Each structure stands twice: as C-alpha cells, then as structure tokens.
Amino acid sequence: MPGVRVCSCYSQCFLHLKMEWFWIILGIVLCVVAIAGSVLPLLPGPPIAYIGLLLQQLRAEKPFTTHFLIFWFAIVVVSLLLDYLIPIWGTKKFGGTKYGVWGCTLGFIAAFWLGPWGVIIGPLLGAFIGEMIAENNSTKAMRAAFGSFVGFLLGSFLKLGVCFFMLYYVIASI
C-alpha cells in the first residue's frame, strides 16, 4: 500500500527531525550552563560547553570537522590550566612572594566548596595571609591579594569567552 509507506517515511522523518532539535537544544542548554559555570564553582564551564559542541556531532549532518573539535578540545584544556595559573600569576605580578602564591592556591582550594563568594574571597584571603606570614606588611599583603583577585577575574573572563564562542558555534551550526 503506497499510503502506508509514505506515512512510515513521514514518521521516520518526523522522528529524525525531533532528534535533530533535541541535540541542538541540549547543546545550547549545556553551553548556557557552562557560561554560568564560568563564574560559579563546581561547574567546569568550558568542558560542559565542549560536551554541548560534541553532541552536535550526533546530528544527521555532522557540523564540525575532527580538526575543529581537536582545536576546541585543546582550547578547553588550556583554559582550564590558565584558570588555575592566572590567579597565581596575578599574585606574583602585584609583588607577591611564594608565600602569597601558595596562600592564593590554598585559599582557592579551601574556599572552592563555599560557593561563588568563597572562590572570590578564598584566593584573596589566602594570598593576604600568606604575605602576612612572609613579611607581616599589610600594604604589600593587600597588594598581592588584589593581584590574586585580578587573576581570578581574568581567568573567569577567559572561561566566559571560550564558552560564548562554543555557544556561537552550536547556534551557527543550525
């Protein structure tokens, strides 16, 4: 019966179209969650956005090349490394010693579980305490702590940029 085949083909096409949009919407949602995760602790922003990018490959027409995906994987890895290194660099750049750098690192790790304010205040307070232990000079300690805060902001902006670019690519692949 010709009518049944058309109906069957229509059902398959409709299901296929629904799955296409499922992957697109899921990819967009993951990228939006990743943007939030760029400033909130416990949500690794760029890796979540990368998963949203990878999910687009499950669509009928694969929108991204293997080279493109490897390139973005490398960017995600580098952004994660820089996110941990930039606050340390900021502390050193603003005159911090190794005590301030260690304080910044330990402050970040200790405060990581305290939510968004913990991630902001932890490196700042850790660098300040580390510098106070080293030289007991509150002016220098505060400057190094400010450097760790600047580093935190730079790391967050880097992650936001990476996530927004991946969101752009997911939307542009439609």
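1. A residue counts as exposed when its relative accessible area is over 50%, and as buried when that value is under 20%. The points below apply these terms to a predicted model.

2. Tryptophan W102 lies in helix α4, which spans residues 98–111. The relative accessibility of W102 is 55%, and W102 is therefore classed as exposed. Along the chain, W102 and T91 are 11 residues apart, and their C-alpha atoms are separated by 9.6 Å.

3. Helix α2, formed by residues 45–55, is mostly covered, with eight of its 11 residues buried. These buried residues are G45, P46, I48, A49, Y50, G52, L53 and L55.

4. How do the axes of helices α5 and α6 cross, and at what angle? Helix α5 covers residues 116–135 and helix α6 covers residues 138–172; their axes come within 8 Å and cross at roughly 150 degrees. Angles over 145 degrees count as roughly antiparallel, and α5 and α6 are therefore roughly antiparallel to each other. Their crossing is right-handed.

5. Which residues make the contact between α5 and α6? On the α5 side they are V119, I120, P123, L124, A127, F128, E131, M132 and E135. On the α6 side they are S138, K140, A141, M142, A144, A145, F146, S148, F149 and F152. Sorted by class, this contact has 14 nonpolar residues, two polar residues and three charged residues.

6. An α-helix has 3.6 residues a turn, so residues three or four places apart point the same way.

How values were computed: Residues are numbered from 1 along each chain as its sequence is written. This is a predicted model: local features need pLDDT of at least 70, side-chain atom pairs count only at pLDDT 80 or more; totals for chains, interfaces and linings use all residues. Side-chain values use heavy atoms; hydrogens and water are left out. Buried means under 20% relative accessible area, exposed over 50%, partly exposed in between (1.4 Å probe, protein chains only). Helices (H or I, at least four residues) and strands (E, at least two) are DSSP runs, numbered from the N terminus. Axes are lines fitted to C-alpha atoms, for helices over the stretch in contact, and angles run from 0 to 180 degrees between N-to-C directions. Angles under 35 degrees count as roughly parallel, over 145 as roughly antiparallel, 65 to 115 as roughly perpendicular and the rest as oblique. A crossing is left-handed if the near helix is turned anticlockwise from the far one by less than a right angle, and right-handed if clockwise. Contact means heavy atoms within 4.5 Å. Ala, Val, Leu, Ile, Met, Phe, Trp, Tyr, Cys and Pro count as nonpolar, Asp, Glu, Lys and Arg as charged, and the others, Gly among them, as polar.
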